[in-house]
Amino acid sequence: MNFNPWAVLVAAASSFVLGGFWYSKLLFGPAWGRASGAPPGGKHRHRVQVFLVSFVFAVIAAAAFAAHIGPDPSVGTALHRGFVVGAFFVAASFGINYQFADRSPILWLIDGGYHTVQFLLFGLVLGLWH
């Protein structure tokens, strides 16, 4: 392994903390609910399985990103690459799918923004913790 597995787990966990805030009533939760067609008042339920599978995907993404940036990146390099991957790979790919699915540009901005910040957090954690 060319990366610190503990740093990968912390980076993945950071995306859950970010998601809890990002999609909360304090930030984009209500707008996301309207744009995605979720039931009003946040009455939708998330099963434990959704969170477990999401965490597994976050670990996979963090590990792949760690392998991409290498074992000893500077913080600046890791942040720059995090921004590029989040904005220009993930968010742009969402943009393609959302166009074909006829989804709201607001939904794309919220979800794409989350993943851009997610990869910035990955870069911060992995850049600081070699």
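**View 1. Aspartate 102 in the loop between H4 and H5.** Aspartate 102 is found in the loop that lies between H4 and H5, shown here, as in every view, in a predicted model. The phi angle of aspartate 102 is near 55°, which is a positive value in a residue other than glycine. Aspartate 102 is exposed, because its relative accessible area is 71% and a residue counts as exposed over 50%.

View 2. The axes of H4 and helix H5, the latter formed by residues 105–128, come within 7 Å and cross at roughly 155°. Since angles over 145 degrees count as roughly antiparallel, H4 and H5 are therefore roughly antiparallel to each other. The handedness of the crossing of H4 and H5 is right-handed.

**View 3. The crossing of H3 and H4.** Helix H3, made up of residues 48–69, and helix H4, made up of residues 75–100, have axes that come within 11 Å and cross at roughly 125°. That angle makes H3 oblique to H4, and the crossing in which H3 passes H4 is right-handed. On the H3 side, the contact is made by Phe65, His68 and Ile69, while on the H4 side Ala78, Arg81, Gly82 and Val85 take part. The residues of this contact of H3 with H4 divide into four nonpolar, two polar and one charged.

**View 4. The whole chain, as the setting for the close-up views.** The secondary structure of the chain comes to five helices and zero strands, and from the N terminus on its elements run α-α-α-α-α. The radius of gyration of the chain is 15 Å, close to the 14 Å that the globule rule gives for 130 residues, so the chain is as compact as a globular protein of that length. Taken along the principal axes, the box filled by the C-alpha atoms of the chain is roughly 45 × 30 × 25 Å. Of the 130 residues of the chain, 35% count as buried. Among the contacts in the chain between residues at least 6 apart in sequence, 79% join residues at least 24 apart.

Note on methods: Residues numbered from 1 in each chain as written. Predicted model: local features only at pLDDT ≥ 70, side-chain atom pairs only at ≥ 80, totals over all residues. Heavy atoms only, no water. Axes fitted to C-alpha atoms, helices over the stretch in contact; angles between N-to-C directions. Helix = DSSP H or I, 4+ residues; strand = E, 2+ residues; numbered from the N terminus. Parallel < 35°, antiparallel > 145°, perpendicular 65-115°, else oblique. Left-handed = near helix turned anticlockwise from the far one by under 90°. Contact = heavy atoms within 4.5 Å. Nonpolar A, V, L, I, M, F, W, Y, C, P; charged D, E, K, R; others polar. Rg over C-alpha atoms; globule rule 2.2 N^0.38 Å. Buried < 20%, exposed > 50% of the residue type's maximum accessible area, 1.4 Å probe, protein only.
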